[in-house]
Amino acid sequence: MLGSIFAGVGDGFLLFLIASGLTLIFGVMRILNFSHGGYFMLGGYFVYQAVASGSPASLPLPLFVVAVLGGALLVGAVGIATERLIFRKIYQLSDIASLLGTFGLLLVIEGVAEVIWGVNPMSVPFPTLLGKSIVIGGVRVGTYSIVLVGVGIVVAVGLWVLLRKTPFGERARAVAEDRYVCELAGVNTALVSTAVFALGTVLAGLGGALATPLIALTPDVATAFIIEAFAIVIVGGLGSISGALIAAIGFGVADSLAITYYPPLSGVIFFILMFVVLLVRPQGLVNNARGLA
Amino acid sequence: MKKQRITLAALAAFSLVLAACSSTGASNDTTSSSQSVETSSSSVASSSETQGSTDSGTSSAATGFTGDPLKIGFLDTMTGANGNVGQLNLQGAQIAVDQWNAQGGVLGRKIELVVKDEELSPEKTVQHMREFASDKINLITGFTSSSDVLAAKPLAEQNNQLIVTAGATDTSLTTTQHSKNVYEVAANVHMMNVAAAHLAGTDWKDAKVWDGVAYDYLTGHDAWDEFGTLLKTENPSAKTGKSAFVPFTATQNTPFINSLLAGNPSPASSALYYFMYGGGAVQFAKQALPLDLFSQYKYVVGFAGGEEFSSALGAEGPHTYFIHDYFYQAYDNPVNQAFIDAWKKLPPTQGLKLAGPHEWTEEGYTAMLAYLNAIKTAGSTDTDAVRSALSTISFESPMGTVKFDPSNILAAPVTMWQCKGDASAEIGYSCFGSESVGPEVTLAK
C-alpha cells in the first residue's frame with residue numbers, strides 16, 4: 001500500500017507540472033490548449049539534444065540541471081512565438097473551433113518532431129546521484145521521483161506566490177476575471193496574455209525536461225501525457241491550479257492503487273474518476289467561477 | 001453557463017481525441033499519399049542465380065529493363081507510435097529491390113515499391129488495400145500490426161491479392177486466421193515462445209522461477225500463458241511466478257515494477273520474461289532501473305524487439321537476452337554478408353544507434369526476397385502462379401536456406417542474442433553471444 005502511494009504521488013506531481021500550465025493558460029485566456037502536450041514533448045527533446053544525443057556514459061547533475069532549465073526556457077520562447085503568430089488568431093474563434101485549432105497545432109508539433117528526431121524511442125540517462133533508490137518504510141523509492149515531488153511542491157508554492165503576491169499575478173488574475181474592464185483600465189492585456197502563455201509553456205517544457213529520465217521520448221509522448229493532463233484540469237476545475245494539484249495527486253495515487261490491487265482498472269480509473277467527479281461536481285473539485293484559483 | 005458550455009466542449013473534444021488515439025495508436029493523423037520509391041543502382045558483385053542476392057550493392061546501373069516496371073505494394077505503419085518498425089521494414093525491402101534491379105530486375109522488369117502508410121489503423125489499411133486493387137497491384141508486403149493484416153485479409157481474398165507480411169507476429173495469422181493469401185516472414189509468437197522455453201530447459205536451466213511482464217492485450221496474455229505451459233515441458237523444475245500486464249498507454253510503470261519486486265526475485269535463480277517492445281519497453285525499463293528490478297534477475301529475456309531497446313537505453317541498458325527472428329552476427333553466409341554490406345552503405349537510421357541491420361530491416365528484406373524469388377520461379381506476376389511458387393520454393397535468405405511451412409509461416413530459425421549497456425562502445429551498448437533455434441524445434445510443437 002505504502003509503495004503504491006509513493007509511486008502515485010511521484011507520478012501525480014509530474015502530471016501536475018503539465019496540468020498547471022494548461023489550467024493557467026485556460027484561466028487567463030479561456031482557451032483549452034491541446035497543443036500543450038507538444039510543448040511538454042519539446043522540453044524533453046531539447047534536453048535530449050543538449051545532453052544525451054551522443055550516448056553519454058553518465059550525465060553530471062549540474063549539466064542536467066542547466067539543460068532542464070534551458071530546455072524549459074527555450075520552450076517558453078517557442079510558446080511566445082506561437083502565441084503571437086497563432087494563438088492571437090485562435091482566441092477569436094469559437095470554443096470548439098479553438099479546441100480543434102490547438103489540436104491541429106499539436107499534430108503539427110508532433111510532425112515537426114518526427115522529422116527532426118524520428119520515431120525511434122530515445123532516452124536521457126539519469127543524472128549522477130539520482131539514478132538510485134532509497135528504502136522508506138520498507139518500500140524502495142526512486143530518488144529521482146523524490147526530486148520530482150520536491151520540484152512539484154516548489155512550482156506549486158511558486159505559482160501561488162506569483163499569482164497572489166506579485167503585481168504580475170494581480171494583473172493576470174484581473175485579466176482572468178474581466179479582460180474588458182482591464183483594457184478600459186489601461187492594462188496591456190495582450191502582454192499579460194503573452195506572459196501567461198509563456199509561463200504555461202515553460203511549465204510544460206519543465207515537465208517534459210524533468211520527465212526525460214523516466215520516459216521513452218517519441219513524438220507521440222505529446223498525446224499520451226496531454227490526455228491525462230486534460231482529465232486533471234477538468235476534474236480539478238478549469239483554471240484552478242490548486243484543483244489541478246489535488247486532482248493530479250489523487251489520480252496518480254488512484255491509478256497506482258488500481259494497478260496494485262485491481263490491474264484491469266489501470267488506465268481506466270482516470271476516466272471513471274473524471275466521470276464521477278463531473279456527475280457530482282460539474283464545476284470541478286475547486287470551484288473557480290471566475291478567473292484563476 | 002459559459003463555463004459549463006466550455007466544460008462540455010472540452011469533454012466532447014477530449015472524447016474525440018481519445019477515440020482518435022485509440023484507433024490510430026496516437027499516430028500522426030495525416031494521410032500519406034502513395035509514392036513510388038525510386039530505386040538506386042548498384043553493381044553486381046556476383047551473378048546470383050539463386051534466390052538471394054550476393055550483390056554488395058555499389059555503383060553501376062543495370063540496364064535493359066523490358067516492359068513496364070513491376071509495382072509491388074508496401075503497406076505498413078510509417079508514422080506514429082510504431083512507425084519505426086514500418087520504416088525499418090521498408091529499409092530492408094528497398095535493399096532487396098535495389099540489389100535485384102542492379103541485376104536486371106525480375107522477369108526483365110524494373111521493380112518499384114509503392115509505399116502507403118496505414119498509420120496503425122485497420123480503416124486506413126482497408127482503404128489502401130482498395131487503392132492497390134484499383135491500381136492493379138496484387139502483390140503486397142509490409143505490415144507490422146497483426147490486426148491490420150486481419151483487416152486486409154478479406155480484401156486480399158476478395159480481390160485475389162497476396163500479402164507477405166514482414167513484421168507481423170501474431171500466431172493466429174497462420175493458424176486460426178489462416179488464409180491462402182497471407183504469408184508470414186517474421187517468427188511468430190509461438191515460435192519465439194518455443195525457442196525461449198527450449199533455452200529455459202538448456203542454457204537457462206538454473207532459472208527456477210520465471211516472472212513475466214507484457215503489454216496488456218490479447219497477444220501479451222496469450223504469450224505469457226503459452227510460455228508457462230511450454231516451460232512445464234521443457235524445464236519441469238522451473239515454474240512461473242509474478243506477472244504484470246502494462247497498458248500500451250501507461251505513463252506510470254512503478255506500481256507494475258513494485259508488484260514484480262514484491263515476489264522477491266532471486267538474482268541467482270529467477271528470470272524475467274519481457275514481452276514488450278518499442279517505446280513502452282524503454283519507458284518500463286527507465287522506471288525500473290532506479291528500483292534495481294533487472295539486477296534481481298539472472299536472465300532478462302526480451303521478445304519481439306531488439307537493439308532499439310538497447311540503443312535507447314545506451315550505457316544504462318540492462319544485460320538482456322533477446323529472442324527474435326534475426327541477429328546480424330548470428331549467420332555466416334553470402335546473402336547475409338551482402339545484406340549487411342548494403343545496409344552499411346545507407347545513412348544512419350534517425351534516432352537509432354546500430355552496429356548492424358536491425359531484425360525489422362531483415363524482415364522487410366526477406367519478405368521482398370520471397371516475392372522476387374517466387375515471381376522468378378513462376379515466370380509471372382499472376383497471383384495464383386506466385387502463390388503456388390511461394391508455397392513450394394526454397395530461397396536463400398540472410399538466415400540461410402528457407403521455405404514457407406504449409407501453414408504459410410516462414411520456416412526459419414529463431415535467434416537468441418545478448419546486448420548490454422557498454423560505456424566504452426561508440427553506440428553505448430554491445431551485443432554478443434548469439435544462438436539459433438531451428439524451425440525443426442520451433443515449428444514441431
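**Two loop residues, two chains and a helix crossing**

B:Leu107 lies in the loop between helix 2 (83-102) and strand 3 (111-117) of chain B. The model is a predicted one. In it, phi of B:Leu107 is near 55°, a positive value in a residue other than glycine. Most residues other than glycine have a negative phi. B:Leu107 has 17 other C-beta atoms within 10 Å, so it counts as partly exposed. The cut-offs behind this are 20 or more such atoms for a buried residue and 12 or fewer for an exposed one.

B:Lys136 also has a positive phi, near 60°, and is not a glycine. Its place is in the loop between helix 3 (122-134) and strand 4 (139-142) of chain B. Here the count is 8 other C-beta atoms within 10 Å, so B:Lys136 is exposed.

Chain B as a whole contains 13 helices and 16 strands. It has 445 residues, and 59% of them count as buried. Among its contacts with a separation of 6 or more, 73% join residues 24 or more positions apart.

Chain A has 11 helices and two strands. Along the sequence, the order is α-α-α-α-β-β-α-α-α-α-α-α-α. Chain A has 293 residues, of which 57% are buried. A compact globule with 293 residues would have a radius of gyration near 19 Å; the value for chain A is 19 Å, so the two agree. The C-alpha trace of chain A spans about 60 × 45 × 35 Å along its principal axes. Of the contacts in chain A with a separation of 6 or more, 80% are between residues 24 or more positions apart.

The two chains touch. In chain A, 54 residues are in contact with 58 residues of chain B. Six elements of chain A each supply at least two residues of the side that touches chain B: helix 1 (2-29), helix 4 (95-117), strand 2 (139-142), helix 5 (143-165), helix 9 (221-236) and helix 10 (241-261). Helix 4 of chain A gives the largest share, nine residues. By class, this side of chain A has 28 nonpolar, 17 polar and nine charged residues.

Within chain A, one helix pair was examined in detail. Two packed helices are described by the angle between their axes and the distance between the axes. The axes of helix 6 (residues 167-177) and helix 8 (residues 189-211) of chain A come within 10 Å and cross at roughly 105°. Angles of 65 to 115 degrees count as roughly perpendicular, and helix 6 and helix 8 of chain A are therefore roughly perpendicular to each other. Helix 6 of chain A contributes A:Phe168, A:Arg171, A:Ala172 and A:Val175 to the contact, and helix 8 of chain A contributes A:Thr189, A:Val192, A:Ala195 and A:Val196. Six of these residues are nonpolar, one is polar and one is charged.

Helix 6 of chain A has three buried residues: A:Ala172, A:Val175 and A:Ala176. Seen down the axis of helix 6 of chain A, they fall within an arc of 100°, so they line one face of the helix. An α-helix has 3.6 residues a turn, so residues three or four places apart point the same way. The cover over the buried residues of helix 6 of chain A includes helix 1, helix 5, helix 7 (179-184) and helix 8 of chain A.

Methods
Residues numbered from 1 in each chain as written. Chains lettered and ligands numbered in written order. Predicted model: local features only at pLDDT ≥ 70, side-chain atom pairs only at ≥ 80, totals over all residues. Helix = DSSP H or I, 4+ residues; strand = E, 2+ residues; numbered from the N terminus. Rg over C-alpha atoms; globule rule 2.2 N^0.38 Å. Contact = placed C-beta atoms within 7 Å. Nonpolar A, V, L, I, M, F, W, Y, C, P; charged D, E, K, R; others polar. Axes fitted to C-alpha atoms, helices over the stretch in contact; angles between N-to-C directions. Parallel < 35°, antiparallel > 145°, perpendicular 65-115°, else oblique. Arc of directions from axis to C-beta.
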